[in-house]
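Have a look at the view below before reading on.

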Amino acid sequence: MEILISSFQTLFTLDVLVALLAGVVFGMVVGALPGFTATMGVSLLLPITVGMEAVPALVMLASLYTSSTYGGSMTAILLHTPGTAASGATADDGFALTLKGKGLQAIGVSTVTSCMGGALSGVALIFISPLLARLSLLFGPGEYLFVALFGLTIIGSLCQGGVVKGILCACIGLVVACVGIDPVTSYSRYTFGSNALGSGFGLVPSLIGLFSISQVMIMAEMSKESSNEGIVNKTMQMLKGKILLPLNEWKNYIIPVIRSFIIGLFVGILPGAGGDIGSWLSYNAGKQQSKHPEEYGKGSLEAIACSETANNAVCGGALVPLLTLGVPGSATAAVLLGGLTMHGLVPGNDLFTVQAGITYPIMIGFTISNFLMAIIGLIAARYFIKVTAIPVSILAPVIIVLATLGSYAVQYSMVDVWSMVAFGALGYIMRKHDMVTAPIVLALILGPMAETKLIQSRIAARSTPLLMYFMSRPICVFLTILIVISIAVPVIQSRKQKKNNDTIMDEE
Amino acid sequence: MDNKKFISNDVFLGLFAAVMAIIFLVMTLKFPEQVRLFPSLALILALIFSIWIAAMGVYKSVQVRRGTADYTNPEMKRQPFIVLASIVIYVICMQRIGFFVTTAVYLPCCMLLFGQRKVVPMLGSTVGVLLFIYWLFVIQLKVYMPAGILF
């Protein structure tokens, strides 16, 4: 209780509140821009947080994570263009309502339910995480090695292009993570005699290159001048009525919101299953349980409540394994892990004991950011779609400049800027060949941890063969089973999907 | 493109990755034992999966040639690489001339490259971005910007 009171005192300071507000507003803008992801937003903001204290910095990043997920729903509802993948399930119902002249009400339901999902997941985060963190006290180097490997296996679900390509990306990331002077023996690996590569590739420039520069290169492929100013203005004229529904109508959404929150939270805790999976699962569950399933897809406010509650509940859920075990549940969580390590915070039990004064304000700040997001959303949601009218020709050059400056600002190093350029080119080529960049990021973060724990395990095992040593430890065995499942499930799912597609094609 | 001559890009991608993995593996074998263990494991896995991708690419190519599957290689356009080259030039100039001067010239040029033709938005956003960066990075965060021969 004491820690909660002191956390509120930490939170209600000017710098933290400004960071919170900035994170929420920037997140809503990033979410509203189609093609921009929460991951890209967090990676662009990461360098700005270098000079900040840990609490405001991480509160800003965490609030950006949840508000960008919500921001995606505004363009999904009003323009039928989901700003993020997590808002895909909202688009059909939301836009159908906009065409019926009920776009504002749809935004209202989306705003309130996103807030409920995010805030409830924040509360769950505050209470579940310390319990799970205590479990990490039972972990030795072997267990941590398997936790790192488990984290790497989430690539299976991150890779739309296929698990094999995903694993290759992770292997590339593991090798890239080895570049530089080995921390144990001080032996130079893959530096080719260059002092600049002695400390390896910086995490932040690599992230910025992989997510932001590659996105700018993808934008360059689009038409010369693309602005949807006309569509935005036309949609603005269609918005009428009150944004909030009458109080007595909200009782219809209590059960869907609770069910969707539970689904979203569990999906978030599972490594790799992001907001899009959470919202679709919740949408389908809502349709099965609904009194009016025929309205789903044709303009159902209940459908919007289901998908929007779940995708924001995923955000809090994804922070649980991140803070307790250091396993990022999604690409955005992996970037957030970069933010934690940048500020000297190591996931595990210490975060909830020794560094509780930092961790609890971050978790409470995350919870509060959902309410702030709702207030701003209710007041200004209709104006946020105007950001989509900004042409790519203005946006892309600004991103290049900010990305370059951000890469430089981390260590005042031009080597980092060149790393960003190289990773940008690599990221673009990978994305063009159905390879996602997230596994490289995960490998860059988890690779050094896995290597260190492997060396420590060899020392701890003494004369026992390493495999026997691992198999004599129950948690390692349990994690091995989880690893096998997390690799096998996406493979089985993709084969099943392929089989279904083949059957549909044969029938046609 | 003639389907009879179709070769999936995955073949080249897998082979390129495999060759790189072998080159790095040879380098790694010269490292001391403790240092080489982890990268060797990663490289062996990379080699296995590169060959797997190349093999899948061959299978895909055969299917397309037989007409049992429809697949096209991703088209690599020139524009993204022109943008990449512009970033390289921007970074080189930034080192020599300084951040603010280079950015003031680069932003409108890059906007032109992306197809913007209206002068007011170009200049307005350039001035706005420069002022924002100066306020945030120089005044608030006290970041030392890359300074070349000019400001």
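## About the model

This is a predicted model, in which local features need pLDDT of at least 70 and side-chain atom pairs count only at pLDDT 80 or more, while totals for chains, interfaces and linings use all residues. Residues are numbered from 1 along each chain as its sequence is written, and chains are lettered from A and ligands numbered from 1 in the order in which they are written.

## Chain A as a whole

Chain A holds 21 helices and two strands, taken as DSSP runs numbered from the N terminus (helices H or I, at least four residues; strands E, at least two). Its radius of gyration is 23 Å, close to the 23 Å from the globule rule for 508 residues, so chain A is as compact as a globular protein of that length. Here the radius is taken over C-alpha atoms, and the rule is 2.2 Å times the number of residues to the power 0.38.

The C-alpha trace of chain A spans about 70 × 65 × 50 Å along its principal axes. Of its 508 residues, 58% count as buried, meaning that 20 or more other C-beta atoms, placed from the backbone, lie within 10 Å of the residue's own.

## Helices α6 and α16

How are α6(A) and α16(A) arranged? Helix α6(A) (residues 103-135) packs on α16(A) (residues 356-384) at an angle of about 175°, with axes 8 Å apart. Axes are lines fitted to C-alpha atoms over the stretch in contact, and angles run from 0 to 180 degrees between N-to-C directions. That makes the two helices roughly antiparallel (over 145 degrees).

Among the contacting residues are Gly118(A) and Gly122(A) of α6(A), and Ala374(A) and Gly377(A) of α16(A); contact means C-beta atoms, placed from the backbone, within 7 Å. By class, this contact has 16 nonpolar, seven polar and one charged residues. Ala, Val, Leu, Ile, Met, Phe, Trp, Tyr, Cys and Pro count as nonpolar, Asp, Glu, Lys and Arg as charged, and the others, Gly among them, as polar.

## Helix α15

Helix α15(A) (residues 331-342) is mostly covered, with ten of its twelve residues buried, including Val335(A) and Leu336(A). After α15(A) comes Gly344(A), with a positive phi near 75°.

## Where chain B meets chain A

In chain B, 47 residues are in contact with 47 residues of chain A. Helix α2(B) gives the most to the side of chain B that touches chain A, with twelve residues. By class, that side has 36 nonpolar, nine polar and two charged residues.

How values were computed:
Angles under 35 degrees count as roughly parallel, over 145 as roughly antiparallel, 65 to 115 as roughly perpendicular and the rest as oblique. Two residues are in contact if their C-beta atoms, placed from the backbone, lie within 7 Å.
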